[in-house]
Amino acid sequence: MSSPFTSSTDIPDAPSSLAALVTFVDTLESRVRQQGSGAALLSPRGTYSFSETAQHAAQSIGYSMTGYPHLAPVSLRVTVGRAVKHLFLRRGAMRHNLSAPVSGAPELDPAMPDLAAVAVLRTAVNALVAFTGDLQPHPTYGRCTKAQVANLQTQHLREHLPGADAPAAPQPATPAR
């Protein structure tokens with residue numbers, strides 16, 4: 001991998017959930033480089049472009065460290081939100097509105113190229129890997145451990161980008177000269 005950012009092989013002792021998140025971003029970068037775009041990876045249920053999806057995920061990961069702009073009432077976070085978090089963690093998959101922005105977050109840049117958006121996502125993931133402080137409550141799930149954040153963010157990305165888990169299309173052979 002030619003990226004100057006952390007890749008999954010740079011985290012030998014990381015919990016598997018963090019390694020899975022880094023590996024997923026490695027896959028995204030590889031697929032976008034190979035295909036020239038991440039459009040084929042998107043779920044048909046959402047309205048975001050690939051770039052907006054990567055930016056959206058980066059916002060969410062970043063806010064887990066700095067604090068989300070808006071939180072649901074604490075009563076919701078410790079009851080329904082907590083139950084939903086544990087359901088997703090047990091199932092290993094989530095289902096949510098793929099067109100919903102992070103409440104209070106700045107607008108996404110629709111003109112940002114796909115690889116630049118992957119770099120923004122990788123920067124957020126690298127910050128999470130290196131983060132040693134107290135994580136901030138999720139707007140719905142409430143308090144999460146670092147492993148839970150990584151697991152839930154990987155699920156989040158997988159739901160938005162199910163094509164990333166599909167086998168890559170074979171590249172056409174280069175004609176011999």
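Helix α5 gives the most to the lining of the largest pocket, with 4 residues; helices here are DSSP runs of H or I with at least four residues, numbered from the N terminus. The model is predicted, so local features need pLDDT of at least 70 and side-chain atom pairs count only at pLDDT 80 or more, while totals for chains, interfaces and linings use all residues. Residues are numbered from 1 along each chain as its sequence is written, and side-chain values use heavy atoms, with hydrogens and water left out.

The largest pocket holds about 470 Å³ of space. A pocket is an open set of points on a 1 Å grid over the protein atoms alone, where a 1.4 Å probe fits, with protein on both sides within 12 Å along at least five of seven lines; lining residues have an atom within 4 Å of a point. Grid points are joined across faces, edges and corners, and the volume is the space filled by probe spheres set on the points. Of the 25 lining residues, H96, H138, T140, Y141 and H156 are the closest to the centre of the pocket. Helices α2 (50–66), α3 (74–91) and α5 each supply at least two residues of this lining. The lining divides into 12 nonpolar, 12 polar and 1 charged residues; Ala, Val, Leu, Ile, Met, Phe, Trp, Tyr, Cys and Pro count as nonpolar, Asp, Glu, Lys and Arg as charged, and the others, Gly among them, as polar.

Helix α5 (residues 146–160) also contains Q155. Q155 is buried, with a relative accessible area of 4%, where buried means under 20% (1.4 Å probe, protein chains only). The side chains of Q155 and N151 are joined by a polar contact of 2.7 Å, that is, a pair of N or O atoms within 3.5 Å, one able to donate a hydrogen and the other to accept it, with residues adjacent in sequence counted only if both atoms are side-chain atoms. A polar atom of the Q155 side chain also lies 3.3 Å from the backbone nitrogen of A93.

The largest nonpolar core has 32 residues, of which L28, I61, L121, L128 and L157 touch the most other members. Such a core is a set of buried Ala, Val, Leu, Ile, Met, Phe, Trp, Tyr and Cys residues joined through side-chain atoms within 4.5 Å. Helices α1 (16–35), α2, α4 (114–130) and α5 each give two or more residues to this core, and α1 gives the most, with 7.

Definitions and conventions:
Buried means under 20% relative accessible area, exposed over 50%, partly exposed in between (1.4 Å probe, protein chains only).
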